[in-house]
Amino acid sequence: MRILIIGSLSDELGKAAKIVLARGACVDHAETNADAIKKICSSGDYKFIICSVNESILNLIKQLKRERIAVPVIACGPEDPNIAADAIASGAEDYIPLPPDPDVIAAFLQDASSEKTIFHTIDPGMKKLLRQIDKIAASGASVLVTGESGTGKEIIARYIHLKSKREAGPFIALNCAALPETLVESELFGHERGAFSGATARRVGRFEAANHGTLLLDEISEMDVRLQAKLLRAIQEREIDRLGGSSPVSVDVRIIATSNRDLLSEIRVQKFREDLYFRLNVVSIKIPPLRDRVMDIPYLAEHFSRYYSKINALSPKSISENALEKLKKYKWPGNVRELENMVHRAVVVSSGDIIDVDCFDLPEAVLQKQSQENSLASWVGSRMDEVEQALIIETLAHTDGNRTQAASILGISIRALRNKLREYTGQGVAVPPPYQSLTET
């Protein structure tokens, strides 16, 4: 995972950089926003930016938008709520107080990291699927990985890369659902200086950054049909055209695409190109939902308990039998991602070495159905937009403000969720703040 840090390293920011390095991330440094833009344009793949509030957060956000660069910005500075609020208002996604807390930074890195390459399972069906994936990985064929949100599609994609002949090459990912349509094209194909207003330097896109490696197109069903045509050409011709470029650029890239939607249904309603589907679907893998892998629920819960005990510098914690039984009865609409977040929270809020039932905010299976029926009855006579708003806000509260997990549970894209939240905020509705580190719970 590559991270860019902006600002002087002579003070507390330098300590933060050392913590990030110690946690295994690759760190680049820029003294100013202008230097940062140059590095980003020539690199093509930073996971996120940590920027000192001594630099202008607002100016950085504006420059990124002008260059059509989609990289999350994390501000950092004094432990002052007013400064933090100003940074968030300027466009930063979150705020790290200085002096840096190693556990807080570790949590940020964990949330941002997608460097997970081990698919933990004891389920016989899943183990059989992994054996098939080993054979698929050795080929150079494009792969389409499908399954519900939170089942581990990106982990499977990384697993395929590491088992392939391209393992020494880069693995580059692009989440098609997380970016506005106007940014996806530039992110994929890059651009030349002067290609559009604000393009002050040549930008290397994800295709070029992934040369001789693997490019993951996550949630490809969210990509605009117009861009699908350009993507199809790039895959077929093995070359891309930068925005504003005068000649094509050859690329050698293996494509892995993921989707939580039924692409054949998307084709029928003309939201996805049939020719692109067949180009991507040379080999297909369907990841089963967690509710169909009941044996994995207690196994994964214990795994996450050990992991988050360690990452939060706590003594190892185990989960009681009663709690494990409760977890097994839940249907996990957010799948493994939801289970991970739930166990993380339970590790932090539990006071002893045993995590019991009361640490999990989950209803019993029977009570869950009853509460849903009662909740539905109480909304009779209300408008659909009122019901939708209440459901979204309650789901966000349930996930402690985690937008990605909430979108997964609701069955919508993260982009659709963010649009709704902006609408609610404009109406004066109180929206749960973004998920931060659970060490603050």
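**View 1. Helices H17 and H19 cross at roughly 105°.** In this predicted model, local features need pLDDT of at least 70 and side-chain atom pairs count only at pLDDT 80 or more, while totals for chains, interfaces and linings use all residues. Residues are numbered from 1 along each chain as its sequence is written, and side-chain values use heavy atoms, with hydrogens and water left out. The axes of H17 (residues 384–398) and H19 (residues 414–426) come within 11 Å; axes here are lines fitted to C-alpha atoms, for helices over the stretch in contact, and angles run from 0 to 180 degrees between N-to-C directions. The two helices are therefore roughly perpendicular to each other, a label that covers 65 to 115 degrees (under 35 is roughly parallel, over 145 roughly antiparallel, the rest oblique). On the H17 side you'll find Glu388, Gln389, Ile392, Ile393 and Leu396, which meet Leu417, Lys420, Leu421 and Tyr424 of H19; contact means heavy atoms within 4.5 Å. Sorted by class, the H17 contact with H19 has six nonpolar, one polar and two charged residues. For that tally, Ala, Val, Leu, Ile, Met, Phe, Trp, Tyr, Cys and Pro count as nonpolar, Asp, Glu, Lys and Arg as charged, and the others, Gly among them, as polar.

**View 2. An open sheet runs S2-S1-S3-S4-S5 with parallel pairing.** Helices (H or I, at least four residues) and strands (E, at least two) are DSSP runs numbered from the N terminus, and two strands pair if DSSP finds at least two bridges between them. At the edges sit S2 (26–30) and S5, each pairing on one side only. From one strand to the next, the twist averages 25°. Zoom in on S3 (residues 48–52) and S4 (residues 73–78): they run parallel, joined by four bridges, and Ser52 stands opposite Cys76 in S4. Helix H2 (residues 33–43) lies across S1 (2–6), S2 and S3, at about 165° to S1. Helix H4 (residues 81–89) lies across S4 and S5, at about 150° to S5.

View 3. Pro99 belongs to the loop between strand S5 (94–98) and helix H5 (102–112).

**View 4. Gln63 is a buried residue of the model.** Gln63 is part of helix H3 (residues 57–66). It counts as buried because its relative accessibility is 16%; buried means under 20% relative accessible area, exposed over 50%, and partly exposed in between (1.4 Å probe, protein chains only). Skipping neighbours within four places in sequence, Gln63 is in contact with Asn33, Ala34 and Ile37.

**View 5. A second open sheet has five strands in the order S7-S8-S11-S6-S12.** Pairing in this sheet is parallel. S7 (171–175) and S12 (283–286) stand at the edges with a single partner strand each, so one side of each has no neighbour in the sheet. The twist here averages 20° from one strand to the next. S6 (residues 143–146) and S11 (residues 253–259) pair in the parallel sense over four bridges, with Thr146 taking Ser259 in S11 as bridge partner.

**View 6. Arg238 has a positive phi without being glycine.** Its phi is near 55°, and Arg238 sits in the loop between helix H10 (225–237) and strand S9 (239–240). With a relative accessible area of 45%, Arg238 is partly exposed.
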